[in-house]
Amino acid sequence: MSDAAIYMIYGRDEEAMAERLLDAYDLKSRIKDKHSFIIKPNIVTPSKPEHGATTHPGIAKAIIRYLQSCGKNDITIAESSWVGASTEEGFRKLGYREIAEEYGIKLLDIKKDRFRTLSYDGISMEISEAVLNADYVINLPVLKGHCQTKMTAAMKNLKGCISDRSKRDFHKEGLMKPIAALNMLIRPDLTIVDSICGDLDFEEGGTPVETDRMMLSEDPAALDMLGASLMGYSPEDIGYIQIAAGYSGRSLNLEDIDIIQLNKPATGNIRPRGTVSHLASYTAPDEACSACYAALIHAIKRLEEEGDIGKLGSRKVAVGQGWKGKKMELGSGLCCKGAEHAAIGCPPSASDILSMLEEL
């Protein structure tokens, strides 16, 4: 596959999903000469993954089993929680200590690692020596919202590979340029994005949206470009994506990304809660799949942020297989192609739905 190719799978069994992604990607054939492996999840705070902030630990378990089946045993789970939070507490609460004992692998709190100072475009940072020295780095971010950068996924998750002092410096610099510079200094060999239930708005979780989705690629920027679109943004809306593209000379055209879908999202009962429940009042789901419904929620959230949600009035956006063959004013997804105004896709991206709503 090309660097910009993305494998995508839907479901709720994170271990089975990760295993299928690794098989489809044929990781075994790509690591024959690799010996030391770093698995870098997102444990920004010691919270359960269903809160929408942290990586589902089952993904790491599936990767460890896969690597060990290939005869690879020098494996380390490495992470550094955000400044003020305890990585060790995160390892404990999310079950990584049990995983390490079960499979005989190592845990590394990057806060306690040695660092090497590297620079790019005038931005200096202290980067974990363990990460820099590993033969193969697997990045396991969560696709979710962020109050400062709008979204976070593959590229920003690498911030957990630097010292707390450098994290503070990143915030002083406004995050965007430092994140882009970091991604010129560290390039993970593989990234698997946990998009099962990322938070709608905040890095620390609390308002999760179930999308039941996972993505794999060698290209972190491609994953973030797609992630931005799925959340209702364009790649140009995310500062660090745009700056990194300028560094590398890459295109921000989503059509350049080859997306290989291994299956289709299943339908299910949608039970929104909290912030999502408020946004759901503008929807009319009928046998909607979680991925399609989540895209609609993200689009409505963006419309609310733009101050235009009131223009919907009492109108609701139809979504789900129960609308097949019916007529309606507003629809989202291929099942609602009979709508007077529709964003067609299976599932559509939030950015496509937002464009449709903005044109009303």
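Predicted model: local features only at pLDDT ≥ 70, side-chain atom pairs only at ≥ 80, totals over all residues.
**Entry one: H12 and H13**

I began with helix H12, residues 290–305, and helix H13, residues 350–358. Their axes come within 8 Å and cross at roughly 50°. That angle makes H12 oblique to H13. I also noted the hand of this crossing, which is right-handed.

Which residues of H12 meet H13? I found Ala295, Leu296, His298, Ala299, Arg302 and Leu303 on the H12 side. Across from them, H13 brings Ala350, Ile353, Leu354, Leu357 and Glu358. Sorting the residues of this contact, I get eight nonpolar, one polar and two charged.

**Entry two: H2 and H4**

Next I turned to helix H2, residues 57–69, and helix H4, residues 96–103. I read an angle of about 15° between them, with the axes 11 Å apart. Because angles under 35 degrees count as roughly parallel, H2 is roughly parallel to H4. The crossing of H2 and H4 is right-handed.

Where does H2 touch H4? On H2 I listed Pro57, Ala60, Lys61, Ile64, Arg65 and Gln68. Their partners in H4 are Tyr96, Ile99, Glu102 and Tyr103. How do the residues of this contact divide? I have six nonpolar, one polar and three charged.

**To find these again**

Methods. Residues numbered from 1 in each chain as written. Heavy atoms only, no water. Axes fitted to C-alpha atoms, helices over the stretch in contact; angles between N-to-C directions. Helix = DSSP H or I, 4+ residues; strand = E, 2+ residues; numbered from the N terminus. Parallel < 35°, antiparallel > 145°, perpendicular 65-115°, else oblique. Left-handed = near helix turned anticlockwise from the far one by under 90°. Contact = heavy atoms within 4.5 Å. Nonpolar A, V, L, I, M, F, W, Y, C, P; charged D, E, K, R; others polar.
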